Amino acid sequence: MKRLTVPKIMRRKVDGVTEEPLVMLTAYTARQAQLLDPHCDMLLVGDSLGQVIYGLPSTLPVTLDMMVAHGAAVVRGSYHSVVVVDMPFGSYEASPQQAFESASRILAETGAAAVKLEGGEAMAETIRFLSQRGIPVMAHVGLTPQAVNALGGYMARGRSDAEEAKIVADGKAVEEAGAFAVVIEGVVEDIAIRLTEEVAIPTIGIGASARCDGQVLVTEDMLGMFERVPRFVKKYNDIAAVITETAAKYAEEVRDRSFPGDAQVYPAKKD
Ligand code: KIV
Ligand code: NA
């Protein structure tokens, strides 16, 4: 199977309708990418890796070097999905030129096909600059975690008329600027539906609506790796319990010397 492309992702939405929703999950490592790849259209190397695998308090301390290292691993582990790499906080906001330097490094050093950045109207000039220079950009509006300090937390957005108007204007601005798709995160459902109807590019929902053109979740959240997750996460499994039970079993067998057993040791040379 040949790898999907950004134009093919865009062509999944025809005259405002996406018959088969786009499937996207986060991936941070090669093996995780290998397992998820056959089931997805896109893999997102999200800066959520800051919290999920580095234990950081937010996505703000995530660096370009971290995104490049994990992005390259995910590209090596996948052959089918379009790989999108998040631009970390501080790597793109200063100017279109700064964004181009960071994004071109991501594409050149990872082999990923696209970058994602947070922001609407304020990032439109940057999105235009990158898209016109061969860098496909996925935008991200609504609840934008890199703006946690300005937003005052991770609560859902769009509960006032002013917020709704802002989110819709952001979505339209990124489309107009040339974004190939837009993530809509943590918004009142009506807004996600409205934006999905009003833009021609695919909308990818997370805490948005089943009527978006696609969905994304943080894989570890979906797998049930964490106790506490946002309302919009559905835990499809309980991987935390699997790991806990498995580690406990291993520890018990080490302590009672039943591991390693005969099958795991090299028998004596018979000569
Ligand atoms: O970093 C991330 O994982 C994301 C998705 C949740 C959209 O940006
Ligand atoms: Na992100």
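Visitor: In this predicted model, at what angle do helix α6 and α8 pack, and how are they oriented to each other?
Guide: Helix α6, residues 124-131, packs against α8 with the two axes 8 Å apart. The angle between them is about 25°, and angles under 35 degrees count as roughly parallel. The two helices α6 and α8 are therefore roughly parallel to each other.

Visitor: Which residues make the contact of α6 with α8, and how do they divide by class?
Guide: From α6 the contact draws on Ala 124, Ile 127 and Arg 128, while α8 contributes Ala 173, Val 174, Glu 176 and Ala 177. Sorted by class, the residues of this contact are 5 nonpolar, no polar and 2 charged.

Visitor: Helix α8 also packs against α9; how are α8 and α9 oriented to each other?
Guide: Helix α8 spans residues 161-177 and helix α9 spans residues 189-198, and their axes lie 10 Å apart. The packing angle is about 30°, which falls in the range under 35 degrees that counts as roughly parallel. Helices α8 and α9 are therefore roughly parallel to each other.

Visitor: Is the crossing of α8 and α9 left-handed or right-handed, and which residues make the contact?
Guide: Where α8 passes α9, the crossing is right-handed. The contact is made on the α9 side by Ile 191, Arg 194, Leu 195 and Glu 198, and on the α8 side by Glu 164, Ile 167, Val 168, Gly 171 and Lys 172. By class, this contact of α8 with α9 holds 4 nonpolar, 1 polar and 4 charged residues.

Visitor: How do α4 and α5 pack, and what classes of residue does their contact have?
Guide: Helix α4, residues 64-76, and helix α5, residues 96-110, pack at an angle of about 35° with axes 8 Å apart, and their crossing is right-handed. Leu 64, Met 67, Val 68, Gly 71, Ala 72 and Val 75 of α4 meet Ser 102, Arg 105, Ile 106, Glu 109 and Thr 110 of α5. Divided by class, the contact of α4 with α5 has 6 nonpolar, 3 polar and 2 charged residues.

Visitor: Which residues surround ligand 1, and how do they divide by class?
Guide: Around ligand 1 stand Thr 26, Leu 44, Gly 46, Asp 47, Ser 48, Asp 86, Val 183, Glu 185, Ile 206, Val 216 and Val 218. The shell around ligand 1 divides into 5 nonpolar, 3 polar and 3 charged residues.

Visitor: Which peptide bond is cis, and which residue other than glycine has a positive phi?
Guide: The bond from Phe 259 to Pro 260 is cis, with omega near -5°, and Pro 260 is found in the segment after α11 (239-255). In the loop between β1 (13-14) and β2 (17-18), phi takes a positive value near 50° at a residue other than glycine, namely Asp 15.

Methods:
Residues numbered from 1 in each chain as written. Chains lettered and ligands numbered in written order. Predicted model: local features only at pLDDT ≥ 70, side-chain atom pairs only at ≥ 80, totals over all residues. Near = placed C-beta within 6 Å. Nonpolar A, V, L, I, M, F, W, Y, C, P; charged D, E, K, R; others polar. Axes fitted to C-alpha atoms, helices over the stretch in contact; angles between N-to-C directions. Helix = DSSP H or I, 4+ residues; strand = E, 2+ residues; numbered from the N terminus. Parallel < 35°, antiparallel > 145°, perpendicular 65-115°, else oblique. Left-handed = near helix turned anticlockwise from the far one by under 90°. Contact = placed C-beta atoms within 7 Å.
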